[in-house]
Amino acid sequence: MAVVDFIVNNILTQASITIALVAMVGLLLQKKPGGEVASGTFKTMLGFLVLAAGSSIIVSTLSYFGEIFSEGFGTQGIVPSIEAINGQAMNDLGLGNEIALTFLAIFLVNIILARFTRWKYIFLTGQALLWMATMTTIFGFYGGLRGFPLILLGGIIGGVFAVAMPAIAQPFVRKITGSDDIALGHFCTIGYVFTAGVSKLVGNKSQSTEDIKFPKGLAFLQDTYLAVGAIMIPLFMVTAAFAGPEFTSQYSDDLNYIVHAFLQGVQFVVGVYVLLSGVRLLLAEIVPAFRGIALKLVPDAKPALDAPVLFPYAPTAVTLGFISTTVGTVIAMILLPFVGLPVLLPGMLTNFFAGGTAGIFGNAVGGIRGTIISGIAHGIFITVLPALLVPIFNDMEFINTTATDVDTVTAALLYEWIINPLISLFN
Amino acid sequence: MNIFKKFLNKEKTSSETVEIDEEALQQQIIEHEEKLKNSDDEDLTETLNALGKLYYQLGNIDKSIEYYERSISQEKALGSSFTELMKLYNIKRKEAVEAKNDAEVQEYLTKIDALMQLSKDVMRGRI
């Protein structure tokens, strides 16, 4: 009994060990050799701890940025980053264990739904599932759920999203790809369907984006970290300039306050780099193991793949979608404070992946005109939705950040507006 | 009964069509493979894509994949070679699932991942 107590209280409470055990089970089920099981399990644990280290770096720079932004502009400046939300939830809120188990539960519910219903989608984008597990856990926790009910409900909600989002995207994906073989597994789908709706209303399908000559490569986005740095470093410096030397000297000591802000901006990029390396390491073993199992259990599954699966069908639409979505996020950033919401800074990576894919949807139903107008509407949409979550994140003491991918935001709003009030009725 | 007859007739017609096509396709493959030997860089990709398409129409998925992969390594421009390869990898993945060949399932899932990564990189101008 003492041994069981020791295991339950000292080992299974450690999220890094829990998630490593999840990976181990996956590797064992695949009948991998002992060496591979051991190395895969260890790498998964390392991944979690690297992620945690990245999160601490991000939190420290974001808390500095939050302070100087409030001083400089008199309002809250939020950096949307689902990675930062995940890192803080896992570490500062101590929800790592629950997120790891919810991730597993979502996967299982997805398999059950695909096996026994006519929606045969298996969601294969591991990173997106981790973000969904993060959001359902945070908002279930906020509603008062703990332990098994928290994980079970998160698994059901996340599992339904893992099937429903590819299903609602599929009519458009069929139109784009001309076949029904593959599906889209990216938790920004509600934004894509919204974009397609706007594009249908305002667009003209007869002139496709692919008929025009347009520079196809987005060279300035060549490197993820350069792209993040190119926005964040100047933003930190300009904000520090507005906050002024008197206020910022409490952080910069003897160093020039602009140089200090520059270095803090660089630190933010370092945090993103470390955190994403951790996420990759964490998922590198789990995802192949579980998707092999899922496809075995659901032989007629339709694999729901990450957004770049659609890029080759309309590369010009990706570029136009990215640009118009960015315009929309900038418009929303300026307008949000007028309706009592905080300033949300545009995130270039979300704009590229979500905006680019939205462009493909916009083009499929509304051609060039539809892509441009609906892209701007998409940028506003994906800024307003996460802004609605800011008061809750503030309440839970998240540092100056909010979520990005709109399906995970929708799941969070579902908790906030429907599930949590129902839970409180029974408590 | 009529429906059954209709079905049989339809089957017969389609199998005849395939037979006729097969000969024509083989001939086209010979021509394109000959052309491949003398292709310069400009029309090499076009020839490789044509061969990929012809082998697909013949039902030889492995050969089709081989030519589309060569086409992509020759010219990394987003287009039909990418979309066709994605389709073919998925067909092979499905066949591997049906054959309960786990190693091959993983192999084609990894190829799908790599193709998506390449699409992403091309789009961002890395290549």
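**Figure 1. Salt bridges between chain B and chain A.** In this predicted model, two salt bridges are counted between chain B and chain A. One salt bridge brings together the side chains of A:Arg291 and B:Asp113, with an N to O distance of 2.6 Å. Side chains of opposite charge can pair when their charged atoms come close. Four residue pairs are in polar contact across the interface of chain B and chain A, with both residues of each pair at pLDDT 80 or more.

**Figure 2. The area of contact between the two chains.** Together, chain B and chain A bury about 2400 Å² between them. Of this area, 61% is on carbon and sulfur atoms. In chain B, the residues that lose the most area to chain A are B:Met116, B:Met123 and B:Arg124. These three residues together make up 29% of what the chain B side buries.

Figure 3. B:Asn90 is found in helix H4 of chain B, which covers residues 80-98. Is B:Asn90 buried or exposed? Its relative accessible area is 1%, so B:Asn90 is buried. Not counting residues up to four places away in sequence, B:Asn90 touches A:Asp181, A:Ile182 and A:Pro303 in chain A, and B:Ile112 in chain B.

**Figure 4. B:Lys92 and its two salt-bridge partners.** The side chains of B:Asp62 and B:Lys92 meet in a salt bridge of 2.9 Å, N to O. This pair links distant parts of the chain, with B:Asp62 in helix H3 (residues 61-74) of chain B and B:Lys92 in helix H4 of chain B, 30 residues apart. B:Lys92 also forms a salt bridge with B:Glu95, where the closest N and O atoms are 3.8 Å apart. B:Lys92 and B:Glu95 both lie in helix H4 of chain B, three residues apart, or about one turn of the helix. An α-helix has 3.6 residues a turn, so residues three or four places apart point the same way. B:Lys92 counts as buried because its relative accessible area is 9%, under the 20% limit. B:Asp62 is partly exposed at 45% relative accessibility, and B:Glu95 is partly exposed at 38%.

**Figure 5. A salt bridge within one helix of chain B.** The side chains of B:Glu84 and B:Lys87 meet in a salt bridge, with 2.9 Å from N to O. What separates B:Glu84 and B:Lys87 along helix H4 of chain B? The two residues are three residues apart in this helix, so about one helical turn separates them. B:Lys87 is partly exposed, with a relative accessible area of 22%. Over all chains, the structure holds twelve salt bridges.

**Figure 6. The helices of chain B and an annotated repeat.** Chain B has five helices and zero strands. From the N terminus on, its elements run α-α-α-α-α. Of the 127 residues of chain B, 39% count as buried. Among the contacts in chain B with a separation of 6 or more, 48% are between residues 24 or more positions apart.

**Figure 7. The nonpolar cores.** The largest nonpolar core has 143 residues, of which A:Phe361 and A:Leu389 touch the most other members. Leaving aside its neighbours within four places in sequence, A:Phe361 is in contact with residues including A:Ala169, A:Phe172, A:Tyr192 and A:Leu310. A second, separate core has nine residues, among them B:Leu25, B:Leu44, B:Tyr55 and B:Tyr67.

**Figure 8. Helix H4 of chain A.** How many of the ten residues of helix H4 (residues 82-91) of chain A are buried? Nine of the ten are buried, and the helix is mostly covered. The buried residues of H4(A) include A:Ile82, A:Glu83, A:Asn86, A:Gln88 and A:Met90.

Key:
Residues are numbered from 1 along each chain as its sequence is written. Chains are lettered from A and ligands numbered from 1 in the order in which they are written. This is a predicted model: local features need pLDDT of at least 70, side-chain atom pairs count only at pLDDT 80 or more; totals for chains, interfaces and linings use all residues. Side-chain values use heavy atoms; hydrogens and water are left out. Helices (H or I, at least four residues) and strands (E, at least two) are DSSP runs, numbered from the N terminus. Buried means under 20% relative accessible area, exposed over 50%, partly exposed in between (1.4 Å probe, protein chains only). Contact means heavy atoms within 4.5 Å. A nonpolar core is a set of buried Ala, Val, Leu, Ile, Met, Phe, Trp, Tyr and Cys residues joined through side-chain atoms within 4.5 Å. Buried area is the accessible area (1.4 Å probe) that two parts lose on being put together, summed over both. A salt bridge is a side-chain nitrogen of Lys or Arg within 4 Å of a carboxyl oxygen of Asp or Glu. A polar contact is a pair of N or O atoms within 3.5 Å; within protein, one must be able to donate a hydrogen and the other to accept it, and residues adjacent in sequence count only if both atoms are side-chain atoms.
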